[in-house]
Structures are given as C-alpha cells and as structure tokens.
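Here is a short briefing for a first look. It covers one interface and the nonpolar cores.

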Amino acid sequence: MTTAMGAPADTFPKLLLLNAVNRASKPAVRMKDFGIWQTWTWAAVLDEIRAFALGLEALGLKAGDKVAIIGSNRPRLYWTFCAVQSLGAIPVPVYKDGVADEMVYVLDHAGVTFAVVEDQEQADKVLSMTDTLKSLRHVIYDEERGMRGYDPAAIHAFADLQADGRRLLAADPALETRWRERIAAAGGADLAVILYTSGTTGKPKGVMLSFDNVVISAQNGIVFDKLTEAEEIIAYLPLAWVGDHIFSYAQSYVAGFCVSCPESPETIVDDRREIGPTYFFAPPRVFEGMLTMTTVRMQDAGNWKRGMFDYFIEHARKVGEQILDGRPVALFDRLKYGLGEMLVYGPLKNRLGFSRLKVGYTAGEAIGPEIFRFYRSLGLNLKQLYGQTEAGVYVTLQPDGEIRSDTVGRPAPQVEIRIAENGEVLYRSPGVFLGYYKNDNATAETKTADGWVHSGDAGFFDREGHLRIIDRAKDVGKLSDGSLFAPKYIENKLKFYANIKEAVAVGNERDFCSVMLNIDLTAVANWAERNNVVYGSYQELAGHPQVYDMIEKHVDQVNRDLAAEPSMCDSQIRRFLILHKELDADDGELTRTQKVRRGFIADRYAPLVEALYDGSAERFVTTEVTFEDGRKGAISANVRIRDMKPHPPVPSAEAAE
Amino acid sequence: MFYREAGQFKTSYQADSAVFPILQDRIGLAVILAIAFGVIPFFATEFFVQGIMIPFLIYALAAIGLNILLGYAGQLSLGSAAFMGVGAYTAYKLVTYFPETNVILLILVSGFVPALIGVLFGLPSLRIKGLYLAVATLAAQFFLDWCFIRIAWLYNYNPSGAIEMPARQAFGLTLTGPAADYMLRYYAVLGIVVLMTWFASNLVHGRIGRTWMMVRDMDIAAQLMGVKLTNAKLTAFAVSSFYCGVAGAMLVTLYLNAAEPGAVFTIRQSFLVLFMVILGGLGSLIGSFFGAAFILLLPILLRTAAASFHLPIEVKNIENLQFMIVGALIILFLKFEPHGLARLWQVGKQKLRVWPFPY
Amino acid sequence: MLYKILIDPFVQMGAAPDLLVQAIWDGFVGGVLYALIALGFVLIYKASGVFNFAQGIMVVFAALALVGFHQMGVPAWIALFLALAVMLLLAISVERLVLRPLVNQPDIILLMATIGITYFLIGFGQLVFGGEPKRMITSELGIPKGAQDFDVFGGFVSLQNIDITAAVMAGIMVAALAWFFSKTRIGRALRAVADDHQAALSVGISLNQIWVIVWFAAGIVALATGIMWGARSDVSFALEIIALKALPVLILGGFTSIPGAIVGGLIIGIGEKIGEFYWGPLLGGGIESWLAYMIALVFLLFRPQGLFGDKIIERI
Amino acid sequence: MTAFVESRPMSAARPIEKGETLLSVDGVSLSFGGVRALTNVSFDIKKGEVRAIIGPNGAGKTSMLNVINGFYHPQQGTIAYKGQVRRRQKPYEAASQGIGRTFQNVALFKGMSTLDNIMAGRTLKMGVGLFWQLFRYGPALNEEIEHRKKVEEIIDFLEIQHIRKTPVGKLPYGLKKRVELGRALAMEPELLLLDEPMAGMNLEEKEDMSRFILDVREQFGTTIALIEHDIGVVMDLSDRIVVLEYGRKIADGSAEEVQNNQAVIDAYLGVAH
C-alpha cells in the first residue's frame with residue numbers, strides 16, 4: 001500500500017489517489033437511482049471528490065474545521081468524508097433520525113462550521129438550530145428537490161459546489177497540484193474523523209480516530225477475511241456508526257471494492273437482493289428481522305410447502321453447521337442437505353439476497369444463539385465480532401471454522417486483551433482512539449496512560465481462548481440470595497421468539513427475576529389474524545389475554561432452558577408483563593443503535609417494576625410519549641402481570657428446544 | 001426455486017428493459033431453442049416433426065398474429081382464417097410467377113398482401129368497437145373465403161378449384177411440393193417462426209406495442225396522450241394480418257401442399273385460432289405457443305387416451321368430445337384464468353421466484 | 001360493364017315482374033327466419049347484455065333434439081315438449097354455469113363465452129344425436145305441404161305452404177312476445193331489467209331467474225326457427241353458418257330492438273335474394289354467403305347504432 | 001447567521017407573478033341532445049397559475065375540461081389557446097399542443113406497469129418507425145432509453161420508485177392517482193388539467209398530492225387547472241377560482257373573493273332555485 005511516490009498510503013485521500021490509478025475503471029460506488037444502478041469508477045470518484053473539495057475550499061473550508069454529515073447512505077455523502085479529509089478538515093457524521101436535541105448537542109459540541117446534508121428535511125432540521133449553532137456558516141445539500149427559495153449565500157447545492165470546483169480547476173490547473181501536495185502532507189497520525197457514540201447513558205461522546213486507527217483496523221479486517229476488490233457490499237447502516245464507517249468507507253478504500261447505496265429506505269430489501277452482497281455486516285436486530293419475516297411468510301404457505309420447509313430447516317439445524325465448518329457428516333445426511341440446498345436453503349438465501357455471501361458479520365450486541373445458528377445452518381458464513389467505536393471496531397473476531405454462538409472469538413490481529421479483576425475486558429491496539437473530543441475527563445476514565453481501554457463489558461476467555469462477553473460490566477448483578485443475574489442473557493433468550501421484540505429483565509438485588517416484554521407487531525398481528533383475535537390498537541393487542549397465554553408459553557420455555565444451566569437456574573423468570581407501548585428511541589428507551597437502555601426503562605416504568613415485586617395482578621400506568629415530529633403526548637393503560645412457575649433444576653446439560 | 005436472482009443488478013436501462021432481464025430466463029430460452037434446433041431433428045420421428053411440430057409452429061404464428069390484434073390492441077377479429085387464406089393464395093401466385101426465387105423469401109413477402117387487406121377490413125374499427133367489430137370481421141371471413149372459391153385466377157384456373165404446390169427451392173434445397181424433405185421444411189418453418197416471434201416480441205415491448213396496449217386498456221386516455229387511434233388500430237390490423245398471412249402461406253407451402261376450395265380457410269379455422277389465443281393467453285406471445293400446442297394436441301391426446309384405455313369411442317365422437325372439451329374449457333378459462341395458460345405459466349414462474357415463500 | 005351492373009338488372013326486373021315478386025317472396029321467407037334468430041338474440045341481449053353468439057347453434061340444437069327424440073320413437077308432439085324441456089334445461093345450465101360465474105365481466109368476455117357454448121353444443125349435439133343431416137318431421141307436426149300458385153303480372157308466383165306457415169308462425173310469435181312484454185308481470189320486469197337492474201329486483205324477480213326466463217324464451221324461439229328451417233332444408237350443423245347471418249341482421253336492426261330484428265331480417269333476406277338473383281351471376285354466383293355482411297359493414301360506417309338502436313354517446 | 005432566518009421555504013399560498021393568458025374560454029355553451037351541460041361560460045387561465053374550477057355535482061366541471069381537451073366541441077363560443085382560436089380540435093392535437101390531463105375516475109392503462117404507464121405519456125415525443133422497432137435496436141433502443149430517463153425523473157419526483165414495475169391494477173387508489181399524475185407529467189404539458197386529483201384520498205394522501213401539485217408548478221413551471229371538491233384544498237392551492245353551477249359561471253376570482261360571494265355560498269348551502 002504505497003503511492004506512486006513510494007510514500008505509504010496512510011490516509012483516505014492518499015488511498016483515493018492510489019485507487020484512481022490502480023483501479024481507474026473498476027467500480028467504486030453504486031447507487032440505485034432513476035431505476036438503475038448508477039455506477040462511478042474510482043477515476044470518476046476522484047474527479048467528483050476533487051471537484052467538491054475545491055468547491056468547499058473556495059467556500060472557505062479550512063484545515064481543522066469540523067464538517068457535519070447528515071443523511072442516509074448516498075455516494076455524495078461518502079465522498080464528503082474524503083473531500084473534507086483532503087483539505088485537512090474533520091468529518092463528523094451525525095445520526096440523521098436523531099431528535100433535534102441530540103443533534104444540536106453534537107453539532108454544537110463538535111463546533112461544526114459546515115454541514116453537508118442529504119435533502120430538504122435534513123436542511124430544515126439544521127436550519128432550525130441556527131440560533132444555537134453560532135459556528136455554522138454553510139449548509140450544503142445533495143438532493144435539490146424543494147430547495148429553491150433558500151438563501152443562496154449560505155445554502156448550496158452539492159452539484160453547484162462541484163461546478164465551482166471544476167471551474168476553478170479549469171481556470172487554474174495548479175490548484176490540483178496544491179491539493180495533491182496537501183494530501184501528501186497529511187499523515188496517518190492525523191485526526192481523521194470524529195464519531196459520536198450514542199452512549200447508553202449520558203451525553204454522546206465524540207470519539208476521535210486517527211487515519212492510522214481506521215486504516216490499520218480496516219486493513220486487519222481485510223486480511224483476516226481475505227477480502228478483495230471484487231467484494232460487493234450494500235451500505236445501509238447509519239453513517240455515524242463506526243461499523244458503517246469501517247465497512248462502507250474505510251475497507252472500500254483500502255481493499256478497493258465497490259459500495260452500493262440503496263434507492264430508498266423502502267427498497268432496501270429488494271436492493272440487497274439485486275446486489276447480492278458478498279460481504280455483509282448487520283447488527284443482530286437485522287438478522288432477527290429477517291428471520292421473523294421468514295417465519296411469518298412461511299406461516300402463510302400451504303401445508304406441504306411449510307412441511308417441506310420445516311423438514312429441511314430441521315435437517316440443516318442438525319448437520320448444516322458441521323458441513324459449513326468442514327466437519328465429517330454422514331453421506332446420506334450430506335445428500336439430504338444437498339437436496340435441501342436445492343429446495344429450501346438456496347432459494348431462501350436468494351430471497352434474502354445472500355446467494356453470493358462470502359462472509360457476514362454480526363456485532364453490536366449478542367445475537368440469539370438460535371438465530372445465529374439458523375443462518376449458519378443454511379450455509380452462510382456468518383460470524384460474530386466484538387468491537388467498539390473506541391477500538392476502531394475490531395477487538396475480537398471469529399476465525400473461520402471456530403464459530404460459536406456464545407463467544408465473540410479471538411483477539412483481532414494486533415489487538416491485546418486482558419481481563420481486569422472485576423471481570424471487565426481491557427484492550428490495546430493500533431485502532432485505539434486518540435481520545436474523546438473536548439472531554440479529557442472521560443478520556444482519562446476510559447483510556448489508561450499506556451493505551452489500555454476499558455471496554456465497560458464483563459467477560460472471560462474460555463478454554464479455547466475465545467472471549468465470552470456476559471454483559472455490560474455494570475449490568476451484571478446478583479439476586480438477593482447472591483446468585484448470578486445476567487439480564488441480557490435472559491433477554492436474548494426471550495427475543496429469540498419471533499413474537500417477542502424486546503425484553504427488559506429486572507432482578508438485581510431483588511428476590512427473583514421478572515421481565516417486561518414488547519411484542520413484535522408484525523408477528524403477533526399475523527398470529528392474531530390466524531387465531532381470530534380481534535384488536536384495535538397495538539395497546540389492545542399487547543394486553544389481550546390470548547396474547548398473554550401465547551407469550552406465557554415462550555417464557556415458560558425460557559425458564560425450562562434456564563433450569564438446565566446450573567448457574568442460571570435461580571434466575572428463572574417468576575413474573576412477566578407485556579408493555580403497553582413499543583420501546584422507542586425517540587422516547588429515549590432505546591439507543592440509536594436500538595439497544596435497550598435498561599436503567600432508563602426501569603426508572604420510567606418504576607410503577608410497573610414495583611408492581612412486579614409487590615404481588616399486584618395489574619397496574620394502571622400513564623406514560624409520556626414523543627411523536628415523530630417532536631410533539632409529546634401521553635398514553636395510559638392497565639398492564640396485567642402473569643406469575644410463572646419455576647422449573648426444577650435439570651441435571652443434564654441438554655437444553656430442550 | 002431455480003431462480004437465483006441475487007446479484008443480478010442492472011447498471012443500464014438497456015439491460016433493465018431487456019425482454020428477458022433474468023439470467024435464468026435467458027438460459028431457459030437458450031435451452032428451448034437448442035432443443036428445437038438441435039435435439040428434435042435428431043431424435044424425433046417423422047410423424048412427430050411432420051404431424052405435430054410443423055403445424056404447431058405454423059398455428060402458433062397465426063395465434064401470435066391474432067394475439068397482436070386481440071390481445072395487445074384489443075380488437076376482436078373472427079376472420080383470421082381469411083387472412084391466412086390471403087397469405088396462402090398470395091404465396092401460391094408468387095411461386096407460380098417467380099419459380100426461381102427463394103421460396104422462403106416468397107413466403108415472407110406473401111404477408112404484405114394480407115396486411116393490406118387487413119388494413120382495408122380494419123377501417124371499420126375506426127368507427128366501431130368490440131362486438132360490432134366482430135361482425136365486420138365476419139364480413140372479411142365470408143367475402144374472402146368466397147373469393148378463394150369464385151376467383152379462378154387465384155387457383156390458376158385449376159378445374160378442381162384446389163391449389164397444388166409445385167416443388168420450389170430455397171438455397172438449393174427443395175422445400176415445397178409433395179416430395180420435399182420434412183426435416184428441411186421443419187427448419188424452414190422453425191426459422192421463420194423464431195424470427196417473426198422475435199420481431200413480435202420487439203414490437204410489443206417497444207413504442208408501437210405500448211400504443212396498442214394503450215388503445216386496448218383505455219382508448220380515451222390514449223387519445224389524450226397523443227395517440228392517433230387510426231394509426232394505432234390500422235398498424236395492429238396490418239401487423240396482425242401480416243403474421244396470419246405468413247402462417248397461411250406456410251400452411252399451404254410447407255405443410256399441406258394443397259388446399260381444397262372452401263375447406264381450409266373457413267370460419268371454423270378462425271375460431272380455432274381464436275381459441276388458441278383465448279386458452280393460451282390474451283396479450284402473451286408465449287401464450288400463443290401454449291394455445292396452439294393445446295388445441296392441436298387435444299385431439300391426439302384424446303385419441304391416445306381412448307386407445308390406451310380401450311374406450312369404445314368412435315373416431316367421429318372423438319371430434320365431438322373435442323368440441324365439447326374446448327367449449328367447456330373456453331368458459332372455464334374465461335371464468336378462472338382470463339389470461340389463459342400464459343398466466344398460469346407466469347404465476348408458476350413467480351412462485352418459483354419467491355420460493356420458498358408463498359406467492 | 002357499368003351497364004351490366006347499374007342498368008341491366010333493373011331492366012330484367014321490369015321485364016319479368018313475376019320473377020321479381022318470386023325473388024322477394026323467397027327473400028322474405030329467408031328473412032323471416034333470420035329475423036327469428038335475431039329475435040332470440042335480442043331477447044337475451046336486452047335482458048342480460050350478453051351478445052349470444054350461440055343463438056344460431058341453439059336453433060340447430062333444438063331442431064336436432066326434436067328430430068332426435070322422434071327418431072327414438074317418441075310421438076311428434078311429445079317430442080316437441082321434450083325438446084322444449086331440453087331448451088329449458090339448457091337455459092338453466094347456461095345461467096348456472098356460464099352467466100352467473102361471469103357476471104360483471106366485459107362484453108367481449110361474455111361474447112367469447114357464448115362462442116364456448118357454441119362449441120360445446122356442437123360437440124354435444126353431434127355426440128348425442130349424430131352429425132348426419134336429418135329430415136324435419138314436418139308432416140308429423142301437421143305442417144302443410146305443397147304450394148300455392150298465384151298469377152302475378154302475367155307470370156305466376158309459387159308460394160310453398162311451409163313458407164306461408166313459417167311467416168304466419170313468425171307473426172304469431174312476434175305478437176306473442178309483444179304481448180308477453182307489455183302485458184305480463186314477468187315481461188314488464190324483463191323490460192325493466194334492460195333499463196335498470198335495481199328496478200327489476202324491486203319487482204321481486206331475481207336477476208338469475210330473469211336470465212333463465214329469457215334464455216328459455218330464446219330457446220323456444222330457437223325451436224320454432226329450427227322447425228321452420230328444418231322443413232325447408234335438412235336439419236344439420238351446416239345451419240350453423242347460415243345462423244351467423246343473424247349478426248348482420250342485428251347490425252341493421254340494432255341489438256336491442258325487436259322491431260329492428262324483424263325489419264333487419266327482412267331487409268337482409270330480401271336484399272340478398274335479389275342481389276344473388278340479379279347481380280350474383282355477374283360475380284360468379286354464391287354472393288349470398290357474404291352480401292349480408294357487406295351490407296351490414298357499409299351500414300355500420302354510417303349508422304353504427306343500427307336502424308332502431310339508440311345513439312351511442314360516449315361519456316368520459 | 002441572519003441569512004438563515006429569512007431563508008425559509010416559500011409558502012404554498014404565496015401568489016406568483018401573473019403571466020400572460022395561456023388559455024381563454026369565451027362564451028362556451030355545450031349540450032348533449034338538448035341537455036345543457038355548459039351555458040355561456042367564459043374565463044381565462046394565466047401562465048403559471050393554479051386555477052381551480054369548483055361547483056356542486058353536475059355543474060359541468062368535467063364537461064369544461066373535456067371541452068378544453070378537445071373531447072367535446074362546444075356548440076357556441078370559442079377557445080383560444082396561446083392566443084390561437086381553435087376549431088374542432090381532436091384530443092391528440094390538444095395533447096400535441098401541450099395540454100395534459102388526469103381523470104376523475106383513474107384512467108390508467110390497467111394491463112401495464114407503472115413504468116409503462118408513464119412511458120405512455122411520452123408517446124407524442126417518440127417516433128422511431130416500424131423498421132427499427134422490429135429489431136429493438138439502434139434508434140429504437142436509443143429512443144426508448146432516452147425517454148426512460150425522463151420517466152425515471154418523474155418517478156423520482158413523485159416518489160414511486162418502489163412500485164416502478166408493479167402492474168397498476170394492483171396499486172391502492174392513492175398511488176394510482178399519483179401514477180396518473182406522473183403519466184400526465186411525462187407529456188411535459190404546459191397546461192395540466194387535473195380532474196379531482198384528490199378524490200377519495202385520506203388526509204395524508206391529500207397533503208402529499210397538494211405538495212406534488214405545487215412542486216410541479218415550481219419545478220416545471222406548469223400551468224395547472226384543477227377540479228376539486230375539497231374546498232379547503234382548493235383554497236390553499238389555487239391562485240384563482242372559477243365557480244360553476246348548473247353549467248353557468250357564478251363567480252370567478254381569488255379564494256377570498258369567491259368565499260365571500262353570496263351566489264357561491266347559496267350554491268354550496270343548497271339554496272333552492
């Protein structure tokens with residue numbers, strides 16, 4: 001990885017220049033627009049980025065300036081990263097569907113001077129914050145629709161800026177030389193990007209990553225999974241998330257593969273199928289969603305077809321993973337699996353868009369083991385990784401052939417890991433961040449002087465040297481009798497059921513464990529239709545006695561599983577309730593990456609938690625909700641609580657299905 | 001089930017608007033063509049080629065012709081056989097006058113006369129629609145059929161009133177006349193039908209086909225989009241009659257060798273083609289093939305069934321049964337699947353595409 | 001040549017008026033039969049909006065049934081009733097199996113369905129009664145034979161008794177239908193159906209019943225037509241082609257008008273006889289097979305709604 | 001940063017500059033076999049405006065559009081389009097002069113996909129002949145692709161990408177209306193006639209459609225004449241409003257003027273005549 005001049009390509013602008021030479025006519029980015037996959041080669045991308053960078057410069061963007069990037073996955077927003085970096089300025093991607101308060105905090109904290117936004121909606125959002133954001137000087141938008149009539153002095157079309165850049169370049173060819181010189185002058189140690197973590201508690205923190213952090217991490221991932229420039233990936237995760245930054249931006253530049261951007265949020269599933277990614281990254285939620293969709297759709301299938309589906313899926317469950325891992329499998333089973341591949345697995349993978357998948361990753365939180373195994377049994381090389389923004393993603397990775405659903409793998413290349421005495425995982429690597437932006441206290445709390453980072457997660461290495469993450473270090477607790485209480489473990493078991501969308505377990509320092517559940521509207525509505533359950537609203541469905549009966553069976557099954565594990569036997573669920581509203585990021589109940597904020601929820605639903613432990617059979621509660629447009633309202637409901645009977649401990653380790 | 005579309009993405013409009021955008025469909029088509037050109041000639045019996053494949057292809061072309069008019073442009077015609085007849089007699093006259101010319105060329109050229117006459121009888125369609133037009137096309141049927149009997153020039157004053165195909169050549173090979181080799185004929189028919197089906201497919205997928213469908217679906221709106229109904233309908237009549245005409249020309253030159261007066265291009269024949277279109281599928285080219293195959297195979301199947309189950313059915317009653325079955329099927333299809341066998345094919349294909357999910 | 005076309009035929013007409021009258025009479029009788037087929041058609045079209053292509057084949061089928069029952073040894077009059085029963089059965093089956101499932105479909109679909117019925121009946125009729133031509137049981141039904149000769153313009157014109165009977169029966173049938181439509185409750189309901197389906201329901205008759213009734217009525221007309229026609233020639237499926245002549249009659253008369261059907265039938269019948277007689281030889285004869293359609297075609301271009309039809313106003 | 005405060009998007013109701021007269025209807029009367037549909041109606045449509053025609057059921061609104069379209073020919077009166085008085089014009093001629101149209105009861109080509117329906121709107125602008133069409137090659141293919149691009153812009157504009165290849169028969173009503181608007185837009189009309197574009201829509205769909213109509217004018221500079229029953233929508237959208245009742249014009253003017261007109265109030269409250 002060196003430029004023509006022989007210097008290492010340690011920044012993205014340098015990688016761009018390199019790719020524009022070495023892969024000039026290879027596709028770099030695609031977007032489905034106007035009905036077809038519009039494609040830009042690396043040479044074309046260089047031209048676009050250079051024009052935009054020069055336009056930005058003409059508008060007054062200086063080295064060290066912070067540039068907010070707000071919007072969905074579009075080529076121009078990805079180009080903005082590189083254009084901004086080529087000028088020595090720092091891109092700050094922001095979650096686009098964040099509520100205004102959150103966004104204004106980040107933009108203000110980062111002190112952005114420019115904002116590059118997707119469309120009118122985002123532009124309006126930014127414009128509504130101008131009273132607070134004193135440093136903001138210019139807004140640049142990609143989609144021109146509806147943008148007439150805005151002040152042209154402060155608001156610019158992306159294409160217009162590029163046109164400016166091109167005109168300037170035509171007038172003064174030396175501009176390019178100077179631009180290239182500036183790129184050459186930057187180095188790997190420079191600040192590359194600030195990614196704000198959504199944070200389960202407190203205000204978002206700006207993680208400063210250097211070019212080295214990102215480029216070396218990306219390179220390690222590429223080598224680890226033998227990725228090439230021929231990979232196809234689809235970019236659909238938030239730009240502000242480190243995962244997307246590494247997979248859709250950094251690794252594309254380093255490996256030279258093409259990134260495809262979907263046409264619109266409604267068409268992602270179709271677009272993914274069309275592209276057929278070879279390398280795919282998704283949080284467990286996405287895989288859960290696909291499995292739920294599959295289950296729900298198969299319930300509409302005719303009897304024989306569903307029977308065939310279930311039969312072969314059952315067979316895959318038995319031998320699929322062995323075959324994937326190259327372990328010995330009886331010839332007959334192998335043949336049967338081949339038949340299943342023809343009849344079920346192949347078509348299913350095709351529908352999901354995974355026919356060409358070489359390697360897929362899930363990370364962000366633990367995936368339900370059943371879900372994980374389901375995909376792997378189909379022959380998909382799905383793996384887990386454990387990562388953090390502060391680590392430039394990779395902390396551990398699962399090497400091929402050593403895939404377990406309950407571990408996150410071995411330390412990634414160049415990563416050192418140690419377990420603190422309280423069980424917390426600490427790591428040190430070239431990807432480790434520079435520090436939190438304008439927050440030295442937090443930096444000092446997280447990162448030691450010799451470069452070790454506190455992950456905040458509790459875990460241990462098993463006998464094979466794989467890291468197991470139990471939970472957030474501070475979330476692992478104990479029941480009042482002293483036995484272990486790992487809420488996330490229980491929640492994940494519950495969430496395996498398609499009908500259960502979210503679960504929040506409580507029980508720390510209490511006598512027993514209880515859970516609050518969210519039903520999955522798609523799955524349960526479907527179930528309701530088949531069972532002639534009439535309901536008028538989500539709330540009514542959630543409180544329906546028949547729904548409770550159905551969920552009770554799931555909970556009971558989880559208890560049976562827990563009973564089979566000696567350390568978990570005592571934390572069987574004794575009581576549960578179904579929440580009257582969906583947990584929502586807009587209400588602060590979920591993070592932007594859709595993780596439950598357990599502490600917040602416990603406070604917010606304190607009356608319900610109290611009811612779970614005072615023996616009440618039901619409790620009337622009123623909850624404030626935030627609508628999409630920011631207005632607030634309240635909903636109230638009478639929430640019922642069910643008692644469960646714990647199962648006796650099972651001596652055998654074999655958990656029932 | 002066999003479809004693996006993941007990863008088949010289009011980066012140009014040309015690819016996106018292709019007639020067969022899915023790779024597996026293109027493979028399927030290639031396989032069918034390979035069988036038609038490469039396998040059937042080497043493994044099929046003379047009866048199969050001469051008695052089934054040749055008439056099947058010819059009638060499929062006629063059905064495509066009527067389908068263009070009825071299925072795409074929405075104009076009902078009960079006179080397809082007459083236009084086939086015009087094509088047949090044109091071909092006969094042409095081979096008489098130009099004995100040395102390539103007979104395949106003459107067959108193709110024969111389509112122009114029916115096209116012209118089709119336009120003539122299509123003129124009423126400018127003022128009348130639907131049911132009324134059906135009656136107008138009957139006028140064509142009876143008038144033209146009468147011409148074939150009464151105008152002696154058409155059958156070269158042959159005292160029997162019949163036309164008998166002389167031996168004619170194309171590329172140095174004898175294709176017509178009783179002595180012609182059936183395999184050569186098969187290739188000639190297959191070549192013409194494949195070529196013309198390809199043309200038809202291009203037409204219906206392009207501007208002209210769209211104009212036809214606009215007239216079919218909502219002629220008022222079509223006018224307000226700037227469609228001249230006159231042009232659209234008359235083009236449909238012309239193209240449709242051209243196709244029927246070429247089919248008719250092939251029928252006498254490459255299949256029957258001869259035509260008795262008033263016996264071939266009758267109203268029954270028109271109905272036969274109409275049924276092929278209805279059962280095969282209105283507005284579908286592949287449906288025209290299905291329809292032709294079905295209508296032609298039905299009597300053979302019935303006979304085989306009667307023979308293999310030793311049913312005491314007389315030959316003439318097999319024909320009667322065939323009438324009844326076709327009649328009943330027409331009604332059943334109109335009720336349950338107005339788009340015919342082609343629709344069943346489409347649904348089946350769609351089922352395979354979304355497999356394992358239900359359609 | 002122009003002379004031959006434009007003048008000579010009229011000279012002939014003037015020279016032999018008796019032949020002209022004979023031709024008109026022959027055309028008139030043929031026209032009556034066309035009119036009867038068209039009448040059955042109009043009945044169905046008025047009440048159910050179905051363009052019944054099968055009306056012609058119903059004529060053949062009815063006649064075949066009659067002759068067929070007689071051949072099985074059933075006395076003529078009982079065979080007549082049995083044939084009527086067959087037509088009733090047909091009406092019920094058509095309503096059940098064709099009309100009801102296809103309700104609210106476009107006209108053209110219903111037309112194609114009746115072509116389906118046509119084919120079914122051809123197959124079924126031949127299967128049951130045999131395909132060979134049969135003699136109508138004219139005398140058994142008491143239809144007079146022989147002919148009446150009249151002196152006209154110095155020549156003589158021969159009127160077959162059968163033809164006279166046919167004309168009279170046609171007259172009776174039209175009168176009966178007129179009476180049925182205007183005086184009976186069901187008849188009034190049928191007329192209401194043509195205008196407004198809701199109105200018909202309020203009379204207390206279901207649409208399905210009405211369909212059965214009109215198809216049966218059309219079946220009766222078909223039987224009568226079949227007897228008459230069969231008496232003039234043989235009963236065979238060749239009639240099917242001739243029955244299609246009812247279509248140009250309808251174009252002339254309009255699809256919904258009973259008087260239109262009669263007048264249209266007579267015009268076509270007389271027109272094609274005279275055309276064949278005087279102009280046919282110029283063209284080599286046999287122009288009867290298409291002349292009616294050509295007349296209708298020309299007519300369509302100038303008055304698409306027919307002589308008695310309502311003007312079609314296209315609403316957007 | 002003061003600049004930002006002033007730079008809000010322009011409000012929908014802001015009147016645009018009055019242009020020259022695009023179409024003028026002068027003393028038009030129309031009857032069907034004695035039934036009067038329109039009686040001596042006169043009004044004009046100016047370039048760039050949104051002109052509404054309102055009135056109770058049977059007031060002759062759709063007949064008025066059909067007259068403008070060339071579908072009906074008035075017995076009396078004249079219609080001048082772009083200053084030219086026209087005589088017995090055919091509908092396709094109106095189309096070729098730049099008059100587009102949607103219908104009260106969606107008149108889409110139901111056997112075709114969304115894409116093909118909108119492509120149908122490009123018919124007038126396409127013309128490669130039969131020869132190249134047979135081969136679907138060369139000019140025919142280039143033409144198809146060139147127009148596909150235009151059509152895709154409209155699909156993008158109307159945000160109907162997800163139904164691009166869906167047969168229109170399967171679409172919900174609101175989307176059908178949107179496709180029909182797209183088909184009319186594909187003609188790149190100068191004058192767009194919309195016959196009840198929001199009939200049968202829910203509030204959200206109406207808002208979307210209103211936004212599209214205003215965007216059409218803003219983006220393409222199209223003059224729009226529309227018939228609509230929802231008075232609220234009409235008042236918000238239109239620059240000027242013609243009110244018809246029993247085929248006669250009873251009022252003409254801005255939303256405010258019309259709202260305060262006694263004859264209009266009577267007509268809408270159903271005062272007996």
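Contact here means heavy atoms within 4.5 Å. The model is predicted. By that cut-off, Leu66(C) touches Ala76(C), Ala79(C), Leu80(C), Ala83(C), Met136(C), Ile137(C), Leu141(C), Leu223(C) and Ile227(C), leaving aside residues up to four places away in sequence.

**Nonpolar cores**
- The largest nonpolar core holds 241 residues.
- Leu66(C) is among those with the most contacts inside this core, along with Tyr186(B), Trp212(B), Tyr243(B), Met250(B) and Phe265(B).
- Helix α3 of chain B, residues 46-72, gives the most to this core: 17 residues.

**Chain D against chain B: area**
- The contact draws 39 residues from chain D and 29 residues from chain B.
- The two chains bury about 3200 Å² between them, with 65% of it on carbon and sulfur atoms.
- Tyr92(D), Phe109(D) and Arg136(D) supply 19% of the area that chain D buries against chain B, more than any other three residues.

**Chain D against chain B: polar links**
- Four salt bridges cross this interface.
- One pairs Arg148(D) with Asp16(B), whose closest N and O atoms are 2.7 Å apart.
- Nine residue pairs are in polar contact across the interface of chain D and chain B.

**The side of chain D that touches chain B**
- Helices α3 (91-96), α4 (114-120), α5 (130-135) and α6 (139-157) of chain D each supply at least two residues to this side.
- α6(D) gives the most, with seven residues.
- This side divides into 20 nonpolar, seven polar and twelve charged residues.

Conventions. Residues are numbered from 1 along each chain as its sequence is written. Chains are lettered from A and ligands numbered from 1 in the order in which they are written. This is a predicted model: local features need pLDDT of at least 70, side-chain atom pairs count only at pLDDT 80 or more; totals for chains, interfaces and linings use all residues. Side-chain values use heavy atoms; hydrogens and water are left out. Buried area is the accessible area (1.4 Å probe) that two parts lose on being put together, summed over both. A salt bridge is a side-chain nitrogen of Lys or Arg within 4 Å of a carboxyl oxygen of Asp or Glu. A polar contact is a pair of N or O atoms within 3.5 Å; within protein, one must be able to donate a hydrogen and the other to accept it, and residues adjacent in sequence count only if both atoms are side-chain atoms. Helices (H or I, at least four residues) and strands (E, at least two) are DSSP runs, numbered from the N terminus. Ala, Val, Leu, Ile, Met, Phe, Trp, Tyr, Cys and Pro count as nonpolar, Asp, Glu, Lys and Arg as charged, and the others, Gly among them, as polar. A nonpolar core is a set of buried Ala, Val, Leu, Ile, Met, Phe, Trp, Tyr and Cys residues joined through side-chain atoms within 4.5 Å. Buried means under 20% relative accessible area, exposed over 50%, partly exposed in between (1.4 Å probe, protein chains only).
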